[in-house]
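Student: I am new to this structure. Please show me how to read it, feature by feature.

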Amino acid sequence: MSTALAPTQPRTLEVPAEALHAFSPQTQRELAAHVAELGRLHPTGRVDAIEVDLGALPLFTAEIEASRGVIDSTTHFIVYDRVEGVDSLRAQGLYAWVLGTALGRPMVQNTDGWRLIEVYDRGIRKTIEEGARYHQTKQGSYMHNDAVNDVDPIDYLLLSCGQSAHIGGESILVDAKPVHEVLVRHPDVLAILTQDFWFEKRGMALSGETGFFRSPIIRYTPEGEPLVRYFRTYIEVAHEKKGEPITAEQRDALDFFDAVLDQSSVQYRIRLERGQTLVSADDRFLHTRTAFYDRFEPREIDMTVDEADEANRYMFRMWSAK
Ligand SMILES: [Fe+2]
């Protein structure tokens, strides 16, 4: 009797319980009241211009400090559950700003000096290949880090959900650690990924000129833990612009790397629901999102007047430094 071979059934990594955090009811009340007060004081204008008084939020800051170790040292990401009473798009933006500020120093994300960015499909025709930045499009399937526009690392990448997509729009997080374990078994590939590549300061360089910097894709902490910096399209375009197109050997290593990243066994999948916030250590993970389908035609959203129920998929993004 012949034995049939069972196919392998890959599974994504399971999110550990410690990476899901619901604030206590008392902390939620403290936060909701504070956000409501900020809303009254600042009904319009840029949220990231607001000075946050963390001293007014003792319960909240204590919970952030108690959960920070999950991001810094253990799972390297956390999902904070929605806060009761924080309902409108602007309230969610104010809350995200308070959360990102409690975690660290908010970093500038574009040439306008914005430190809180709204991520949604603006319906612009330009693709990432044509120079658009990822957060302005609905293109998916680009496994990347956010710290690819500037040499400074991002300690806390925050993505807070003002509205989820009608269908899809899952976040995929790829843990650098199991990825690195695979690469160690392929030292020829690892040797190339630990060499410098060109990166472009897309949307970050002042006065319109394009700046470049060099960085390896895989590098290490002083303790020898692997860190990652990758966005293939940005790297390829940067190499073309520098007149040093990537070599056949480098392309082959990137193809290998992409195949490793595509494996379920190195991925977490999370779908953020309205009000939830994902915070991850940017240099420990690559991330991407799956395709999504929105309720309405893409359009400009004004968080001060548009209701969440009338909005398409709408996220707030912050980068914070320790
Ligand atoms: Fe990103």
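**Helix crossing and metal site**

Tutor: Helix α1 passes α3 in a right-handed crossing, where right-handed means the near helix is turned clockwise from the far one by less than a right angle, and left-handed means anticlockwise. This is a predicted model, in which local features need pLDDT of at least 70 and side-chain atom pairs count only at pLDDT 80 or more, while totals for chains, interfaces and linings use all residues. Residues are numbered from 1 along each chain as its sequence is written, and side-chain values use heavy atoms, leaving out hydrogens and water.

Student: At what angle do the axes of α1 and α3 cross?

Tutor: The axes of α1 (residues 25-41) and α3 (residues 89-103) cross at roughly 110° and come within 9 Å. That makes α1 roughly perpendicular to α3, a label for angles of 65 to 115 degrees.

Student: Which residues of α1 and α3 meet?

Tutor: Contact means heavy atoms within 4.5 Å. Leu 31, His 34, Val 35, Leu 38 and Gly 39 of α1 meet Ala 91, Leu 94, Tyr 95 and Val 98 of α3. Seven of the residues in this contact are nonpolar, two are polar and none is charged.

Student: Which residues coordinate the iron ion?

Tutor: Donors are N, O and S atoms within 2.8 Å of the metal (3.2 Å for Na, K and Ca). Here His 144 (NE2), Asp 146 (OD) and His 287 (NE2) coordinate the iron ion at 2.1 to 2.2 Å. Their spacing in sequence is H-x1-D-x140-H.

Student: Are His 144 and Asp 146 buried or exposed?

Tutor: Both His 144 and Asp 146 are buried, meaning under 20% relative accessible area, with exposed being over 50%.

Terms used
Axes are lines fitted to C-alpha atoms, for helices over the stretch in contact, and angles run from 0 to 180 degrees between N-to-C directions. Helices (H or I, at least four residues) and strands (E, at least two) are DSSP runs, numbered from the N terminus. Angles under 35 degrees count as roughly parallel, over 145 as roughly antiparallel, 65 to 115 as roughly perpendicular and the rest as oblique. Ala, Val, Leu, Ile, Met, Phe, Trp, Tyr, Cys and Pro count as nonpolar, Asp, Glu, Lys and Arg as charged, and the others, Gly among them, as polar. Buried means under 20% relative accessible area, exposed over 50%, partly exposed in between (1.4 Å probe, protein chains only).
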